[in-house]
Amino acid sequence: MHRRSHTGSKPVLWGSSIIGFGAYTYTNSANKSADWPLVGFSPRKANLTLYIVPGFRRHAELMQRLGKHTTGKSCLYIKRLSDIDPGVLEDLVTASVAYMRETYPTR
């Protein structure tokens, strides 16, 4: 799933439960700079949450092939890894990281 090879970054704990790879800086609604991982995940009780920052609209074809999931604005929720196609998830992560690197300066 999230492999270091997608970002070239070591995993970092963000807060108490998010494991993120890479980072970018954005300006939030209060006009302050904030950092967030390029891609991340959190193994929560209800589901595995993946943070795919640019969202899912641009990836409609991949989302249709992914398997059983739900989404939020930039969160992908999966109950069981066996419910999804891991190759499609890898393509989604690769596309997300590429988009983020084009859009935001990375560290």
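Rings of Phe, Tyr and Trp, the last by its six-membered ring, count as a pair if their centres lie within 6.5 Å. The legends below describe close-up views of a predicted model.

**View 1. A cluster of aromatic rings formed by W14, W36 and Y51.** These residues are linked into the cluster by ring pairs. In total, the structure holds 4 aromatic pairs.

**View 2. The tilted ring pair of Y24 and Y104.** The ring centres of Y24 and Y104 are 4.7 Å apart. Their planes meet at 50°, so the pair is classed as tilted, a class that lies between stacked, under 30 degrees, and edge-to-face, over 60. Y24 belongs to strand β3 (residues 24-27), while Y104 is in the segment after α3 (86-103), so the pair ties together parts that are 80 residues apart in sequence. The relative accessible area of Y24 is 6%, which means that Y24 is buried. Y104 has a value of 27% and is therefore partly exposed.

**View 3. R58 over the face of Y99.** R58 lies at 4.0 Å from the centre of the Y99 ring.

**View 4. The hairpin of strands β1 and β2.** Strand β1 covers residues 11-14 and strand β2 covers residues 18-21. The two strands run antiparallel and are joined by 4 bridges. One of the residues with a bridge partner in β2 is L13, whose partner is I19. Between the strands of this hairpin there are 3 residues. G15 takes a positive phi near 70° in the hairpin.

Definitions and conventions: Residues numbered from 1 in each chain as written. Predicted model: local features only at pLDDT ≥ 70, side-chain atom pairs only at ≥ 80, totals over all residues. Heavy atoms only, no water. Buried < 20%, exposed > 50% of the residue type's maximum accessible area, 1.4 Å probe, protein only. Lys NZ or Arg CZ within 6 Å of the ring centre and 35° of its normal. Pairing = 2+ DSSP bridges.
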